[in-house]
Amino acid sequence: MPDEAYWETLFDVELILDRLEIGGRLREVVELGCGYGTFTLPVARRISGILRTHDIDPDMVKRTAQRAAAEGIGNILCIQRDVFMQGFGVAPESQDACLLFNILHCEEPVRLLGEAAYALRPTGCVYVIHWRHDPATPRGPNMEIRPRPEQIVEWGVRAGLAVAPNPVVDLPPWHYGIRFCRP
């Protein structure tokens, strides 16, 4: 991860959450990759229930928990967990949403999307954002492993998810988003 202050400049978080329609109708939400809490804290402020956020890096979990405590946000559970090895640690079909932000350049994206689908209620959604497939972006994974939107859509379908209407959402300045739902 780059420096926290720099990292936070790379996203228009409120615009992203607005365009993905992440708000108060969501109660139980699970997130993979809390990082510095860049999205975790704003999402927790918007939802009406608990946000369980996971990261494999104990420093990221600690930093997100510190920020949440400092801002008085009490509906976040920060958990150090290897979701690939242990799953999300939630009951099947128990979550309104799963957030997979800037993570699907991983080695097994279909498997990760499958874990997300497993956690979703029948009316739940998986929200994905990723860096544009454009070498001009200031950060993001190497272009060789950076997925294009159509790849992520294909992976989601292979994982048993349905593509929401108008699934690909422009998230300037450097990202796109995709919404999936349970079929």
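Helix H2 (residues 13-20) lies across strands S4 (95-101), S5 (120-131), S6 and S7 (175-181). Its direction makes an angle of about 155° with S6. Such angles run from 0 to 180 degrees between N-to-C directions, with axes fitted as lines to C-alpha atoms, for helices over the stretch in contact. Helix H6 (residues 109-119) lies across strand S1 (29-32), S4, S5 and S7, at about 150° to S5. Contact means heavy atoms within 4.5 Å. Helices (H or I, at least four residues) and strands (E, at least two) are DSSP runs, numbered from the N terminus.

The model is predicted: local features need pLDDT of at least 70, side-chain atom pairs count only at pLDDT 80 or more, and totals for chains, interfaces and linings use all residues. Residues are numbered from 1 along each chain as its sequence is written, and side-chain values use heavy atoms, with hydrogens and water left out.

The sheet is open and has 7 strands. Their order is S3-S2-S1-S4-S5-S7-S6, with mixed pairing. Two strands pair if DSSP finds at least two bridges between them. From one strand to the next, the twist averages 15°. S2 and S3 run parallel and are joined by 5 bridges. Here leucine 51 stands opposite isoleucine 76 of S3.

Strand S2 also holds histidine 54. This histidine 54 counts as buried because its relative accessibility is 0%. Buried means under 20% relative accessible area, exposed over 50%, and partly exposed in between (1.4 Å probe, protein chains only). Beyond its neighbours within four places in sequence, histidine 54 contacts Val30, Glu31, Leu32, Gly33, Cys34, Ile79, Arg81, Val83 and Phe88.

Helix H4 (residues 58-70) has 13 residues, and its end C-alpha atoms are 18 Å apart. The expected span is 1.5 Å times one less than the number of residues. Met60, Val61, Thr64, Arg67 and Ala68 are buried in H4. These buried residues fall within an arc of 135° seen down the axis, so they line one face of the helix. The arc is that of the directions from the helix axis to the C-beta atoms. They pack against helix H1 (4-8), helix H3 (40-46), strand S2 (51-55) and strand S3 (76-80). The face turned away from the buried side carries the exposed residues Asp59, Lys62, Ala69 and Ala70. At the start of H4, a side-chain oxygen of aspartate 57 comes within 2.8 Å of the backbone nitrogen of aspartate 59. Glycine 72 follows H4, with a positive phi near 70°.

Conventions
Polar contact = N/O pair within 3.5 Å; in protein donor to acceptor, adjacent residues only side chain to side chain.
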